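Reader: Let's go through a structure together. I'd like to hear what stands behind each label you use.

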Amino acid sequence: ENGYETGEHAPGLKLGGCGAYKAAHHIIKSHAKVWHSYNTTWRREQQGMVGISLTSGWGEPVDPHSQTDRDAAERYIQFHLGWFANPIYRGDYPEVMKNYVGKKSAQQGLGTSRLPTFSVQEKTYIKGTSDFLGIGHFTTRYVLQKNFPFLQVSGYHTDRDLAELVDPNWPAPGPKWLYSVPWGFRRLLNFIKTQYGNPLIYVTENGVSEPVQCTQLCDEGRIQYLKGYINEILKALNDGVNVKGYTAWSLLDKFEWNKGFSERFGLYHIDFKHKNKPRYPKASVAYYKKIISANGFPSPREVT
């Protein structure tokens, strides 16, 4: 969406209300082709696995007793995670996505929906092409119903008919968009379990950046973020969610989309101004080492 609709990210294209949907359509079909290629050529010899990594936030209804808010939160997830996961695990785009984009397209006077369609053969070819699901997750939003007026140029955000809110009490240790809401991760993982038949899950991205560099590399916000989110993954494991592994994002500070080197997600600080790019461990390194060594939260006695 950022690359093919708003143009904020590479390749910087602004293709109205159809660019993001077309790009996603190609990604899904390309993924399926790679999976089948491996399945027929290499699997028997290598016994490997092929999956896809999808990044998704969690949407919580503002009023859990309101059906319209619950429906809006459902749309948030289906337009986010379901957009890619539903074809791979269930054979087609989410029904709510097809309905909403189709309705908006018709209002614009378009003969067909801006959301592409899969042929019967493509649906069969795509369904089941994932031996595991990689999940990137960073934050949560409250969601409520919001009707957008008829727009001649409609797009991904207005197609969903919803608004996103945040709780001002949520910690925001990093960039403006990233609030620390650990409980949202457990709910997202349980949603995946229910929706897609409890697939094997690897958490491929989860972390937070710091907006202001501390000269002592004291990233207490990251420590609390990791503690909260890893704890919710452990709760999800107790719920029966099939989480196999976890990867903190990221090992090093690195180039962060259109933010360049100004947003630092790394456990290790990199001095980008020095020609040798020296690396320095932040406080979160010692904390995360303890978690890794204990494969969980160590008790003080275990640490000593």
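Reader: What makes you call Gly184, Phe185, Leu188, Leu189, Phe191 and Ile192 in H7 buried?

Author: Buried means under 20% relative accessible area, with exposed over 50% and partly exposed in between (1.4 Å probe, protein chains only). Those six names, Gly184, Phe185, Leu188, Leu189, Phe191 and Ile192, are buried by that cut-off. They sit on the same side of H7, because they cover an arc of only 155 degrees around the axis, taken from the directions from the helix axis to the C-beta atoms. This is a predicted model, where local features need pLDDT of at least 70, side-chain atom pairs count only at 80 or more, and totals for chains, interfaces and linings use all residues. Numbering runs from 1 along each chain as its sequence is written, and side-chain values use heavy atoms, leaving out hydrogens and water.

Reader: What makes the nonpolar count nine in the lining of the second largest pocket?

Author: Ala, Val, Leu, Ile, Met, Phe, Trp, Tyr, Cys and Pro count as nonpolar, Asp, Glu, Lys and Arg as charged, and the others, Gly among them, as polar. By that scheme the lining has nine nonpolar, three polar and one charged. Ile230, Leu234, Tyr246, Asn295 and Gly296 lie nearest the centre of this pocket.

Technical notes. Helices (H or I, at least four residues) and strands (E, at least two) are DSSP runs, numbered from the N terminus. On a 1 Å grid over the protein atoms alone, a cavity is a set of points where a 1.4 Å probe fits but cannot get out, and a pocket is an open set with protein on both sides within 12 Å along at least five of seven lines; lining residues have an atom within 4 Å of a point.
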